[in-house]
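Here are my notes on the model you asked me to look over. Have the sequence and the coordinates open while you read.

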Amino acid sequence: MSKVVLGVAGTGMAVAVAAVAVGPRVSDWYDGRHQEQVTYTTGSAAKAGRHSVPSWLPDNASGVHYLVSTTGDDRLLRATLPDGRLPAGCVTAQPGRGVHPVPATMKAGWFPEGVSSKISGSCGHYDVTLTGNQLYAWQDGAAVQAALRAQSAARH
């Protein structure tokens, strides 16, 4: 009987160790499979290639990188702006305005950590940081849904 108990205990330990070792990778894989990342040479190509690319992105932007959640409204965007100014229709950051966090599940090598602490303004539902001529923009899906619900409630 004790050999059976030891065998079951040993198998349980092996499964626990495997879960600890593999679990985070499985979670990363699962989160990552609900995201699509694309690159475009220009803003006009990005808007023609994917309807969810924001309309405020200038056509003459270059080096556009875009990461989109396929199960929600989380987005990351990076683009080079030739004039180094916020796009038309965007507003500069206002003191006291709440900044939405960069979605925790959205990570890309081209999108720097801590960029939300240097917010320059907002463009539609995106918060943006402009560093030189590099625009970094992020959209928090939960914040977008809350804003849409509030707009809907205000109309009714």
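1. Ground rules first. This is a predicted model, in which local features need pLDDT of at least 70, side-chain atom pairs count only at pLDDT 80 or more, and totals for chains, interfaces and linings use all residues. Residues are numbered from 1 along each chain as its sequence is written, and side-chain values use heavy atoms, with hydrogens and water left out.

2. Start with strand S2, residues 62–69. Helices (H or I, at least four residues) and strands (E, at least two) are DSSP runs here, numbered from the N terminus. Six of the eight residues of S2 are buried, so the strand is largely enclosed by the rest of the structure. Buried means under 20% relative accessible area, exposed over 50%, and partly exposed in between, with a 1.4 Å probe and protein chains only.

3. S2 has a partner on either count of pairing I looked at, where two strands pair if DSSP finds at least two bridges between them. With S1 (residues 35–42), S2 pairs in the antiparallel sense over seven bridges; glutamate 36 stands opposite valine 68 there. With S3 (residues 75–80), S2 also runs antiparallel, joined by five bridges, and tyrosine 66 faces leucine 77. The link from S2 to S3 is a hairpin of five residues.

4. Now the disulfide, meaning a pair of cysteine sulfur atoms within 2.5 Å. The count is one: cysteine 90 with cysteine 123, sulfur atoms 1.9 Å apart. Cysteine 90 sits in the loop between S3 and strand S4 (91–92) and cysteine 123 in strand S5 (residues 121–123), so the pair ties together parts 33 residues apart in sequence. The torsion about the S-S bond is about 115°, so this disulfide is right-handed. Are the two cysteines buried or exposed? Cysteine 90 is buried at a relative accessible area of 14%, and cysteine 123 is buried too, at 0%.

5. Last, helix H3 (residues 141–155). Its 15 residues reach 21 Å from first C-alpha to last, close to the 21 Å expected at 1.5 Å a residue; the expected span is 1.5 Å times one less than the number of residues. Gly141, Ala143 and Val144 are the buried residues of H3. Seen down the axis, they fall within an arc of 160°, so they line one face of the helix; the arc is taken over directions from the helix axis to the C-beta atoms. These buried residues pack against strand S7 (134–139), with contact meaning heavy atoms within 4.5 Å. The face turned away from them carries exposed Ala142, Arg149 and Ala153.
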